[in-house]
Amino acid sequence: MSILKGKKVIVIGDRDGIPGPAIDECVKTAGGEVVFSSTECFV
Amino acid sequence: MNCVVKGSAYTLVNAPDMLLHNGTTQTTEMIVNPESDYLKQLPKHLRKFEDVVNYLPNQVYIGNKTPEDLAGVELPWYNKPVAGADRFGKLGEIMPQDEFYLLMQAMDVFDLVKLEKNFVNKVKPAFEKHPLMDAEMVARVKEGVDKSEIEKFVNEEHAEALYQDNELIGYVKKAHDIDVNLSAHVIHENLVSKATCVLSMLHLVKTSGINKNEVDYVIDCSEEACGDMNQRGGGNFAKAAAEMTGFMKATGSDVRGFCAAPVHAITIAASLVAAGTFKNVVVAAGGSTAKLGMNGKDAVKRDTPLIEDVLGGFAVLISEDDGKSPIINLEIVGRHMVGTGSAPQAVISSLVADPLSNAGLKLTDIDKYSAEMHNPDIPGIGDVPLQNYKMIAALAVKQGDIEKSDLAAFPVKHGMNGWAPTQGHIPSGVPFVGFAREDIMSGKIKNAMIVGKGSLFLGRMTNLFDGVSFIMETNKGEGAKGSGVSEEEVKQLIAKAMKEFASSLMSE
Amino acid sequence: MDLENQKRVKEFAEQLGAENIVVVLGAAEGEAAGLAAETVTAGDPTFAGPLTGVQLGLKVYHICEEEMKSEVDAAVYEEQISMMEMVLDVDDIANEMQAIRNEHTKF
């Protein structure tokens with residue numbers, strides 16, 4: 001069963017890992033709706 | 001005209017009480033969870049000044065030790081003190097908090113910083129003895145005030161309290177009753193930034209040997225903003241700091257761009273020199289109180305000392321070609337573009353791979369990369385430099401510059417361990433500029449790429465990332481010759497012209 | 001996790017229903033991924049943010065986990081993420097995420 005399809009997706013990216021907008025691009029192709037996307041920074 | 005890196009300086013200020021009272025991790029905790037265990041445990045994790053001085057990464061920062069020294073020591077570093085470490089270094093110093101409060105007052109031209117009488121009397125002799133504080137600077141330190149006055153302003157007038165060893169020893173007054181941009185909190189943060197910037201520039205004068213009157217322009221690239229309610233980021237830290245340093249012929253401006261700002265600023269400075277607009281441009285930045293103890297929760301959780309207990313500062317002098325200092329090659333400048341996007345490979349391509357391939361170079365043609373030199377000994381942040389080197393290595397595999405089996409060796413060969421405190425803009429590539437200058441001039445390496453990256457999205461104005469990069473390389477001495485005409489060349493030119501004139505006469 | 005992000009997660013869970021939400025992370029290492037995953041399932045372990053003591057039990061994945069990769073268009077994944085598979089410790093991250101999901105995810 002699909003995890004992302006038709007779901008509301010909250011993206012919490014990481015500046016030194018994968019940033020939010022890069023994850024957004026992926027999620028959209030899997031049929032997820034990004035309702036909020038942010039990128040965290042620990043430095 | 002070529003432009004060169006003529007000198008650099010690096011300073012740290014140990015600020016344990018500011019960490020407790022001004023670091024945002026702590027001030028946030030005081031609001032949301034004032035009785036928390038974290039706040040109770042925190043003071044036990046603070047280091048003594050001696051331990052800050054004998055901490056290996058700090059010794060690297062001020063130039064007494066080198067990145068190679070660091071490479072030979074296994075993590076963690078906090079329990080491996082450097083024997084006989086000096087607070088003064090080849091490229092700067094580590095200043096204790098008490099002396100710094102006097103410097104902060106000396107930087108204050110609006111009578112906003114007040115220090116307690118006994119405190120001033122106790123610390124002033126050390127300040128007077130400081131090798132870079134001249135009589136004029138010492139004279140800016142005022143007579144102390146009574147403790148009752150300090151208590152009154154802190155308790156009744158929203159003044160920002162100053163502590164030494166947890167004792168109230170002074171305050172920073174608000175500069176306006178209503179304007180939040182001139183609140184005591186903001187003035188405190190800005191004066192700290194200004195003072196650490198000036199300290200770095202004073203060291204730069206010493207390390208580079210530049211005559212103060214020959215500095216034409218200063219660019220401040222810190223992360224603070226000064227102004228009032230009508231222009232919150234009006235500026236100008238650069239000129240304020242230049243005034244205090246005694247750069248009487250200079251003006252300046254502020255460049256902002258989060259942690260990428262120093263690399264933006266150096267690129268701009270280099271362009272100003274290359275264009276012939278100015279001969280000597282200083283790029284400098286002070287430290288940030290907000291980031292003190294930023295990852296303190298991880299330190300307490302792991303029961304390690306709080307390493308994020310220093311404010312950082314640096315200053316770099318960009319000058320006309322002197323025929324020997326490393327050149328900043330403005331033909332190879334990387335930039336993260338609006339259209340680049342956020343994918344890590346796109347980011348690293350735009351900053352590192354694209355500018356090189358445009359110049360016909362491979363990723364392996366750069367001897368050393370310096371990108372975000374955060375100290376991995378700080379718990380909770382991971383190994384940011386290593387992460388960057390791995391990304392560059394992965395890209396090198398993708399474009400066929402190295403084999404996949406060489407992936408692990410790349411960071412060792414082309415990278416370094418990080419040694420800079422998490423002071424935002426401070427780690428951004430520039431901590432290596434001093435060593436790069438030395439290593440390029442000694443022939444140890446032929447070039448280095450300095451990479452700055454910034455998290456613009458934190459300002460909530462864009463979701464974009466940012467970054468810039470530039471290259472420092474061996475000065476072959478060609479530019480200096482080409483930039484002016486020597487006496488010998490003039491003689492040759494005249495001789496040639498006369499010969500031509502003579503032969504033209506003879507042929508007539 | 002940043003306090004504002006916690007606030008948003010909480011608001012969306014209340015507004016859209018926790019069962020309809022998936023959180024996707026991009027953390028740089030296993031421990032950080034685990035902390036973020038714990039925050040949106042069992043509550044903020046640092047006791048600082050709006051999710052302190054709030055057990056949302058949300059479905060949470062890291063973008064580098066196989067479960068995510070298999071659902072994303074391969075070309076887009078290649079362009080946006082693939083290089084980071086060489087950089088991040090994907091196994092460590094996946095183990096942390098799996099452990100948190102097993103213990104705290106309700107959906």
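Which pattern does chain C follow when read along the sequence? In this predicted model, chain C runs α-β-α-β-α-α-α-α, with six helices and two strands. Eleven of its residues are in contact with chain B, and C:Val23 and C:Val24 belong to the largest nonpolar core.

**Overall form of chain C**
- The radius of gyration of chain C is 14 Å, which agrees with the value near 13 Å that a compact globule of 107 residues would have.
- Along the principal axes, the C-alpha atoms of chain C occupy a box of roughly 35 × 25 × 25 Å.
- Of the 107 residues in chain C, 47% are buried.
- Among contacts in chain C with a separation of 6 or more, 68% join residues 24 or more positions apart.

**Side of chain C that touches chain B**
- The eleven residues of chain C meet 18 residues of chain B.
- Helix 4 (74-80) and helix 5 (82-85) of chain C are the elements that each supply two or more residues to this side.
- By type, this side of chain C has seven nonpolar, two polar and two charged residues.

**Largest nonpolar core**
- The core holds 200 residues, and those touching the most other members are B:Val218, B:Ala241, B:Val283, B:Ile318, C:Val23 and C:Val24.
- Helix 11 (residues 184-208) of chain B is the top contributor, with 13 residues.
- Because domain 1 (3-320) and domain 2 (329-483) of chain B both give residues to this core, it lies between them.

Note on methods. Residues numbered from 1 in each chain as written. Chains lettered and ligands numbered in written order. Predicted model: local features only at pLDDT ≥ 70, side-chain atom pairs only at ≥ 80, totals over all residues. Contact = placed C-beta atoms within 7 Å. Helix = DSSP H or I, 4+ residues; strand = E, 2+ residues; numbered from the N terminus. Nonpolar A, V, L, I, M, F, W, Y, C, P; charged D, E, K, R; others polar. Core = buried A, V, L, I, M, F, W, Y, C linked by C-beta atoms within 7 Å. Buried ≥ 20, exposed ≤ 12 C-beta atoms within 10 Å, placed from the backbone. Domains from an automatic or database assignment. Rg over C-alpha atoms; globule rule 2.2 N^0.38 Å.
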